Amino acid sequence: MECGWCPRAATCQPAGGSSSSSTAALAAHFLSIWPAPPSRPDKSTPTWLILGPLSQNTCCGASGIFKPQPVAAKFPLMGPRDLTSGVTPSGRRVSEQWAASVTGGRPRVVGGQRPASVHKRLVAAFALSVVTLVAVAAVAVALAVRFQECGGDEEAGGPPGTDRPSGGRGERVSAAEEEPWRRSRLPEAVRPRHYDLNVAVHMDNFTFSGDVGIDVECLKATRFIVLHADRLEVSSVAVTAKRPGGGAIRVQRHFAFPANQMLVLVLHRELRASRTYRLDVTFEAAIEDELLGFFRSSYGLGGQRRYLAVTQFSPTHARKAFPCFDEPAFKATFSLSLRHHARYTSLSNMPALDAAAAAGEDGWTTRRFARTPPMSTYYLAWAVCDFASRETSTEGGVTIRLLARPDAIASGAGDYALHITKRLLSFYQDFFKVAYALPKLDLLAVPKHPYAAMENWGLSIFVEQKILLDAQVSSASYQMELTMVVVHEICHQWFGDLVTPLWWEDVWLKEGFAHYFEYVGTDFLFPKWNMEKQRFLTDVLHEVMLLDGLSSSHPISQEVRDAADIDRVFDWIAYKKGAALIRMLANVMGQRLFRKGLNDYLLSHMYGNAARDDLWKKMSEVILCRVQAMRSEGRDIDVGAVMDRWTLQMGYPVVTVSKNPAGQLATRYISVSQEHFLYGQDGGRGNSSFQWQVPLTVAVGNGSRVSSETLIWIHNKTETHVMSEMDDKTWLLGNINQTGYFRVNYDLQNWKLLIEQLHADPQVISVANRAGLIDDAFNLARAGYLPQGVPLQLMAYLPEEASFLPWHAASRALYQLDKLLDRTDDYNLFSDYVLKQVATRYHQMGWPSNAVNGEGGVLQAAYQTEELQRELIMLACSFGNKQCHRQAVAYISDWISSNKNRIPPNIRDVVYCTGVSLMDEDVWEFIWMKFHSSNAVSEKKILLEALTCSDNAFLLNRLLNLSLTSELVAEQDAIDVIIHVGRNPRGRNLAWRFFRDKWDVLDARYGEALFMNSKLITGVTEFLNTEKELDELNEFIRSSGEGAGPAMPRALEIVKGNVRWHRLHRRHFYQWLRKGPAPVRRSPPGDVSLAA
Ligand SMILES: [Zn+2]
């Protein structure tokens, strides 16, 4: 699932790449040989062709670890291993209680106490045993009575016992054990093996009805079948034994238990362990106009409104479409058939078994889809629509289709995504050495979706803005963003669909990988973009360290108990910190071993589930095989022990590196210390018990050269290490190329030397580290670890900077400062400082020509230059460069007078926004009109955002109010309107008031899609920075926002931090700006004024 909406940039490259022929064999045979799952997981596991390593048994076989070769492998169905984990089956705990009560009754000799006499002990033990026996008997009687009551109450729709006062502890335990629907997790006594699901879809009145037959295996004798169902009208249930002569099992009663979204069947007699049964349920429900479950959506074509219905099941919404065991570990196979009017087509994870069936007399048609491999419910999917499609196929025979509105298909807007998907399937197959598992992959572009995209196996669903590309008008950053969403979803076909996290606490196992591979996969498509080594830093590492440096952050693996917790785990910590940790591990292990570990992990858990320890185990195994070689490089690590520190503790360390501390040691010594980095602790700092095993890479430099890096493992709070080649003139640089997930601080003298180096010859330090130094210095100062002057002095080297990435890191930092300062009296001091840094390079780079991106050839070569040019124009126009303003106004005037848009696509957003903010109301109306008439989704998006740039409060208010009309503004875009109005200093109060006034409407609309809600809350509040606004936020949270999840406490912490920064640091900050940067000289070490 891709939640991301952050701006990025990009193109395409000729098709190519190889694909194994075994994939073809795999696909061709798929429909006929996909086996039915066995009734016993540990026997007769069917075989399946996959691409595997040459030597799966010898983990470090010298010959071609990564050579693909077809081998036979098995897909393990969920076996007994899973059953031992998690919740203890019900009967057990009662006996444990019993055992505990007996043991507890025994007198124990405690040190220092006088032992009781034997006689007294015996009496006491006997008495306690009797009491315990009586208590247990009483509980048993109570339970028997309760069951009697349940059985006699078949027609009463509610769960039994709900209105009974609960008694003592013993009774409550019994209730939980004997009423398994009261637990938030499903019991494990029965598990599904196969679903036959038939759904009839009524698009005329937006309802659907269905029946599902589920083959379940009983693992432990039970009288209950508990599964999920939510908002479904269940009309009948039946259970039969699946064996010769096995007849119907009477269902004593069935009822919904809405608190846990469960459907409960109470049977007359127990199901027997090791037997299989068939559960049949019929149901119906509405196809709601919302964003979850099986929902509807619409689009306009030729003046008509046309409808479609699609699914979004992740994480817990399959239960809104059919009764099912809606937890990821309950994998099963699915045979789906959809019945609908013949004017629609339908699709699902697997191909249709029959070509489009002819309409019956009633005008309806039924489509049956091939049986799926074992899979979790959350990535099952189907859709009913009247879309058109384009298709291609891989050399291995996998059919790839892109389906979208007919006009989008006709214009070719889907061709780009189709083209890169074909290349990506080959890329991932080669990288993972595991074939794509299904015979086809459909990409469906829908007008409305709660996420950027969802990775349903074989049927990935994207919101149009993240998959349709009109090459004539789309900017490079739009194309890059779209590319990365596609790369992300295709990665999930392996990480997520083929191997699924066991439970939601480790959702980062799929999201972290998919996010990391966005950069690796995009590098494959466009090697010159250098995404993984560069853009990853600003867009992932720097971004998530902002969040994870808050005390309201949480560990990446977090406990998940109820449904609200499940929504909560899909946040930037899971995605971005997950990706950053995976990248750190890959760099420590080395690419070769890392890939080998991934291959082993996928092969071991394919068609099944895995937890983080399973991944660490595979990674450790490949390292063990190379232990000698790894030891000499300091890379023979215990992966589990190292990574647990990073995944189970929240936050990250700041590592402080000091040369020759206090002059006590020889110059070659450095002292290294670590502490928990936190914003806004004012010297109090973070959790002092937190400690990490930090892979710190260090290099020393001196004027014109830098040494090769040394890896130092830091295990303690403070350590001393020896470096070679050190003297007074050499500087130290830590976290080489920012592969580690931590910040690095230095003593002030070292900062001074680094700053001198940047001013004199920045190229000596790598592009990635130049960006890293900017981000670290800025954030260390913001959190109070460094004087405010350090980052300002450091960024004063920017006129010498010719690369995009450091500029991008700097502009992110400058916009952060801008948010804090844009309503202060001395703001001009700051904007003048920024414009001074930008001026030289901005005039040198100029404005882009109006060349169209075309197939991306131009962009491919010039990406870094174009991105830098765009970044400088954005900074210049945002901070008030007059020439930039004139240029933007000229472009808009030309567009209005000629009705021809000659603005280069790459900078349209900047020009539109600048024009709207500087020009009169007519321009706003003109852009509003263009927003309505444009069909290109990328263009629509930036036109809408430009409208938020106006200085006119009346227009901004009008826009805010219109944004909630879904016919005018798509639901997912309304959030951006509100956030962008808040970004505009003139609109800040309006957006903040609008947000509070409309909270009920917004919460009803987005509350369940927690990621959108969180984005909205953060976006509207992050600019607040006065005491008054802090009071207003506190008041709002007290009165309305308490149920809004973790975004509210986070918002509060950010705003408190903003207010604190003003109180503690603003004066020093402006003092430094008033004084201006001191001259920086190379030699001798100058008098750089760092302290503010
Ligand atoms: Zn994802």
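Predicted model: local features only at pLDDT ≥ 70, side-chain atom pairs only at ≥ 80, totals over all residues.

Q: OK, how many residues of strand β24 are buried?
A: Seven of the seven, so β24 (residues 653–659) is largely enclosed by the rest of the structure. Strands (E, at least two residues) and helices (H or I, at least four) are DSSP runs, numbered from the N terminus.

Q: Which way do the residues of β24 point?
A: Pro653, Val655, Val657 and Lys659 point one way, while Val654, Thr656 and Ser658 point the other way. In a regular strand, side chains alternate between the two faces of the sheet.

Q: And which sense does β24 pair in with β25?
A: Antiparallel, over seven bridges, with β25 covering residues 669–676. Two strands pair if DSSP finds at least two bridges between them. Val654 sits opposite Glu675 in β25.

Q: What about β31?
A: β24 pairs with β31 (residues 743–746) in the parallel sense, over four bridges. There, Val654 has Arg743 as its bridge partner.

Q: New topic: which residues touch the most other members of the largest nonpolar core?
A: Phe322, Trp382, Phe432, Trp494 and Phe830, out of 316 residues in that core. A nonpolar core is a set of buried Ala, Val, Leu, Ile, Met, Phe, Trp, Tyr and Cys residues joined through side-chain atoms within 4.5 Å. Helix α12 (residues 572–589) gives this core its largest share, 13 residues.

Q: What is Phe432 in contact with?
A: Leaving aside neighbours within four places in sequence, its contacts include Cys491, Trp494, Phe517 and Leu602. Contact means heavy atoms within 4.5 Å.

Q: Now Phe994, is that one buried or exposed?
A: Phe994 is buried, with a relative accessible area of 6%. Its place is in helix α29 (residues 988–997). Beyond neighbours within four places in sequence, Phe994 is in contact with Leu960, Asn961, Ser963, Leu964 and Ile978.

Q: How far apart are the C-alpha atoms of Phe994 and Asn961?
A: They're separated by 8.5 Å, although the two residues are 33 residues apart along the chain.

Methods
Residues numbered from 1 in each chain as written. Heavy atoms only, no water. Buried < 20%, exposed > 50% of the residue type's maximum accessible area, 1.4 Å probe, protein only.
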